[in-house]
Amino acid sequence: MPEQLIVRFTTPSGKPVQPVTSFTTNTRNFPFFSEWRSLGGDEIAIRYPKEQPFAIAVLWEIPG
């Protein structure tokens with residue numbers, strides 16, 4: 001049964017940001033499917049398999 005993790009994406013000043021390109025990876029850095037659902041503002045709920053360690057990869061646009 002999947003578990004749920006709530007994450008917040010903000011700028012360094014605390015302003016909410018919706019990530020454009022984000023995904024979960026396993027410990028070998030291979031992406032795998034996980035359900036992402038916006039909770040509003042800067043909060044995202046990620047459902048993931050309980051038995052699998054994972055990381056969150058976020059590609060941020062850096063101005064300049």
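The legends below describe close-up views of a predicted model. Local features need pLDDT of at least 70 and side-chain atom pairs pLDDT 80 or more, whereas totals for chains, interfaces and linings use all residues. Residues are numbered from 1 along each chain as its sequence is written, and side-chain values use heavy atoms, with hydrogens and water left out.

**View 1. The stacked aromatic pair of F9 and W36.** F9 is buried at 7% relative accessibility, whereas W36 is partly exposed at 26% (buried means under 20% relative accessible area, exposed over 50%, and partly exposed in between, with a 1.4 Å probe and protein chains only).

**View 2. The edge-to-face pair of F32 and F54.** The ring centres of F32 and F54 lie 6.3 Å apart, with the planes at 85 degrees. F32 is in strand β3 (residues 31-32) and F54 in the loop between β5 (43-49) and β6 (55-59), so the pair ties together parts 22 residues apart in sequence. F32 is buried, with a relative accessible area of 17%; F54 is partly exposed, with 24%. Ring pairs also join F32, Y48 and F54 into a cluster.

**View 3. An open sheet of three strands.** The strands follow the order β3-β2-β6 with antiparallel pairing (two strands pair if DSSP finds at least two bridges between them). β3 and β6 are the edge strands, each pairing on one side only. Two bridges join β2 to β3, and T25 has P31 in β3 as its bridge partner.

**View 4. The salt bridge of R8 and E43.** The whole structure contains two salt bridges (a side-chain nitrogen of Lys or Arg within 4 Å of a carboxyl oxygen of Asp or Glu). Between R8 and E43, the N to O distance is 2.7 Å. Because R8 lies in strand β1 and E43 in strand β5, the pair ties together parts 35 residues apart in sequence. R8 is exposed at 60% relative accessibility, and E43 is partly exposed at 21%.

Notes. Rings of Phe, Tyr and Trp (its six-membered ring) pair if their centres lie within 6.5 Å; planes under 30 degrees apart count as stacked, over 60 as edge-to-face and the rest as tilted. Helices (H or I, at least four residues) and strands (E, at least two) are DSSP runs, numbered from the N terminus.
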